[in-house]
Amino acid sequence: TAAAETTAVRVNQVGYLPDGPKRATVVTTSPQALTWQLRTASGAVAASGSTVPRGADQASGQSVQVADFSSYRDTGSGYVLTVDGRSSDPFDIRADLYDRLRSDAMAFFYHQRSGIAIESSLVGSAYAHPAGHLGVAPNKGDTSVPCQSGVCDYTRDVRGGWYDAGDQGKYVVNGGISTWLVVNSFERAGRAGTDEALGDSTLRVPERGNGVPDVLDEARWELDFLMRMQVPDGKPHAGMAFHKVHDAEWTGIPTRPEQDAQVRELHRPSTAATLNLAAAAAQCARVYRSYDAEFADRCLAAARKAWTAARAEPALYAPDSDSTGGGAYGDTQVTDEFYWAAAELYATTGESAYRDAVTSSSWHTSAGAFTRYGFGWADTAALGRLTLATVPNGLSAADLSRIRSSVTAAADGHLSTMAGQGYGVPIPADGYFWGSNSALANNAIVLAVAGELTGDARYRAGALEAMDYLLGRNALGQSYVTGYGETSSRNQHHRFWAHQLDASLPNPPAGSLAGGPNSGLQDPVAQERLAGCAPAACYVDDIGSYSTNEVAVNWNAPLAWLAAFAAERTST
Ligand code: 9MR
């Protein structure tokens with residue numbers, strides 16, 4: 001019978017917003033539609049209906065049906081969705097569903113800070129640790145870092161910033177886009193009139209109470225580091241940014257930040273890193289101006305200098321091969337970084353030289369600025385488009401309307417990708433690469449911005465449905481956000497949050513996003529445990545699976561962005 005064939009009911013394990021979409025996916029071999037029942041905590045049937053058979057879902061390899069209970073708008077906790085005698089995990093329906101995630105996802109960045117003690121009074125004793133990489137033994141430290149051989153003959157103070165991920169490297173390209181997303185979430189909330197929620201004393205950071213929005217305090221920790229990575233005047237490549245700083249050899253797991261005894265090294269400057277610095281610093285100059293004009297000026301000067309330096313050395317590429325002791329972040333296509341940096345500099349200054357750089361870039365009209373696979377550290381043209389579409393600027397009306405249409409066209413594409421799948425994921429079945437959760441979260445950001453530009457509720461719904469995927473409505477019934485949902489990732493690859501290997505260390509803090517399914521199986525644990533997996537099922541919550549289960553600043557940044565967006569109360 002159909003009852004015996006139904007195997008699972010997948011929901012957002014945290015819950016649903018009263019005014020948001022509410023869909024669940026039922027894994028079943030039944031060819032017929034099934035009856036779903038929404039039950040309250042006391043077991044009463046609050047709503048019921050029929051599922052819609054969707055057949056074989058390519059990404060998950062599962063035969064699925066979809067239950068849609070979006071029209072149910074009452075609130076409560078402990079709901080379950082029941083189909084053929086099988087119940088989902090329990091979930092809530094409430095307007096404040098995302099309030100806690102808004103601060104937890106953003107607090108991730110404080111935990112990742114380098115060069116400052118992580119305070120027990122802010123994060124609790126389990127997560128506190130002394131400052132890492134300040135040159136206190138056994139650290140060699142980031143206060144006086146030499147270059148890799150042949151790169152430079154001096155040392156630099158590149159303390160601070162955020163550790164990239166489960167490793168303790170600091171990479172300018174990835175830091176730049178992550179900073180941009182964090183600051184952009186504040187800039188966007190300002191347009192929505194909800195930036196108070198990201199304001200002063202909203203986060204547990206040391207700077208709370210200083211009169212500056214905490215989100216900007218957090219991003220400044222990284223911005224200061226990014227600017228330290230700029231090659232000083234009078235040296236070869238002056239104005240360029242060193243591509244990265246990290247350990248000479250990969251450290252083991254666990255390695256507490258303050259216990260890392262490896263030599264740290266600066267790696268050769270790159271055009272991509274320089275343009276990431278230019279873009280993030282230009283955005284800084286715009287957004288921080290009303291809080292700290294002196295800092296905004298410093299950001300703008302760094303951005304201008306980086307831009308000029310990148311123009312002078314437009315093809316200094318970071319090689320993929322440079323991956324001993326840290327990630328490569330190699331990129332040999334940087335015209336998109338030029339476009340993004342020019343867009344930020346133009347939106348901030350209005351100057352014609354930057355405008356010309358924007359309008360003469362092939363990315364200004366290319367249909368490829370947005371892709372189904374999402375923007376990311378190597379593909380940044382979309383960030384330029386998002387800025388030009390939303391920040392007032394002097395482009396022609398025709399140009400602006402074309403740019404905005406490109407955002408909504410991309411969003412329409414994401415909606416149609418979602419509609420073609422059993423789990424409503426805004427990436428295609430062949431898009432489950434390393435960090436797939438960030439790719440789909442970045443596409444959800446495009447959906448959210450399209451909603452802002454048009455007022456069309458379908459886009460907001462799409463962005464929220466992407467959150468459903470991250471929080472459990474997926475092939476594995478897995479919430480990829482630590483501490484959120486019945487079955488949530490807790491053994492992400494990290495050198496300090498390594499509880500799986502050392503019981504005296506903590507699991508990742510609540511609000512930490514795993515990279516997610518990666519059909520490339522690029523680590524030994526994934527290769528051993530996941531052979532033959534369907535793309536959306538290529539994930540294992542094991543600390544050794546760095547290619548499916550790491551954390552990273554560029555993954556938590558879109559999560560924090562989306563959580564802030566989802567936490568906003570709409571006026572319905
Ligand atoms: O996110 C990066 C992914 O796009 C690459 O395919 C992968 C391999 O080069 O590296 C990822 O970034 C890692 C970086 O190299 C080192 N720190 C951890 C990052 C997340 O896994």
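**Close-up views of a predicted model**

**View 1. An open sheet is built from 3 strands in the order E13-E15-E16, with antiparallel pairing.** At its edges stand strand E13 (170–171) and strand E16 (264–266); each has a single partner strand, so one side of each is left without a neighbour in the sheet. Two strands pair here if DSSP finds at least two bridges between them. Strands (E, at least two residues) and helices (H or I, at least four residues) are DSSP runs, numbered from the N terminus. Before looking further, please keep in mind that this is a predicted model: local features need pLDDT of at least 70, side-chain atom pairs count only at pLDDT 80 or more, and totals for chains, interfaces and linings use all residues. Residue numbers start from 1 along each chain as its sequence is written. Within the sheet, E13 is joined to strand E15 (residues 244–247) by 2 bridges, and the two run antiparallel. To find your way in, look for Tyr171, whose bridge partner in E15 is Lys244. In the loop between E15 and E16 you will find Pro254, which a cis peptide bond joins to Ile253, with omega about -5°.

**View 2. The open sheet E1-E3-E7-E6 has 4 strands with antiparallel pairing.** Its edge strands, each pairing on one side only, are strand E1 (8–10) and strand E6 (52–57). On average, neighbouring strands of this sheet are turned by 30° against each other, direction ignored. Strand E3 (residues 23–27) and strand E7 (residues 62–68) run antiparallel and are joined by 5 bridges. Arg23 is a handy landmark, with Asp68 as its bridge partner in E7. When you follow side chains along any regular strand, expect them to alternate between the two faces of the sheet.

**View 3. Strands E4 and E5 form a hairpin with 5 residues between the strands.** Strand E4 (residues 35–39) runs antiparallel to strand E5 (residues 45–50), and 5 bridges join them. Leu38 has Ala47 as its bridge partner in E5. Do look at Gly43 in this hairpin, which takes a positive phi near 95°.

**View 4. The loop between helix H3 (120–123) and strand E11 (145–146) holds Pro138.** A cis peptide bond joins Ala137 to Pro138, with omega about 5°. His133 also has its place in the loop between H3 and E11. The phi of His133 is near 65°, a positive value in a residue other than glycine.

**View 5. Helix H6 (residues 271–287) packs against helix H7 (residues 293–312) at an angle of about 150°, with the axes 7 Å apart.** This makes H6 roughly antiparallel to H7. Axes are lines fitted to C-alpha atoms, for helices over the stretch in contact, and angles run from 0 to 180 degrees between N-to-C directions. Angles under 35 degrees count as roughly parallel, over 145 as roughly antiparallel, 65 to 115 as roughly perpendicular and the rest as oblique. On the H6 side, residues making the contact include Leu275, Leu277 and Cys284, while those on the H7 side include Cys299, Leu300 and Trp307. The contact residues (C-beta atoms, placed from the backbone, within 7 Å of each other) divide into 16 nonpolar, 2 polar and no charged. For these classes, Ala, Val, Leu, Ile, Met, Phe, Trp, Tyr, Cys and Pro count as nonpolar, Asp, Glu, Lys and Arg as charged, and the others, Gly among them, as polar.

**View 6. Helix H12 (residues 436–454) and helix H13 (residues 457–470) cross at roughly 160°, and their axes come within 7 Å.** H12 is therefore roughly antiparallel to H13. Among the residues that meet are Asn437, Leu440 and Thr454 in H12, and Tyr459, Arg460 and Tyr469 in H13. By class, this contact of H12 with H13 has 11 nonpolar, 4 polar and 1 charged residues.

**View 7. Helix H10 (residues 381–390) and helix H11 (residues 397–419) cross at roughly 120°, with axes that come within 9 Å.** That angle makes H10 oblique to H11. Arg385, Leu386, Leu388 and Ala389 of H10 make the contact with Ile403, Arg404, Ser406 and Val407 of H11. These contact residues divide into 5 nonpolar, 1 polar and 2 charged.

**View 8. The residues around the ligand include Asp164, Asp167, Trp434 and Glu550.** Sorted by class, the shell around the ligand has 6 nonpolar, 3 polar and 3 charged residues.

Note on methods:
A residue is near a molecule or strand if its C-beta atom, placed from the backbone, lies within 6 Å of it. Two residues are in contact if their C-beta atoms, placed from the backbone, lie within 7 Å.
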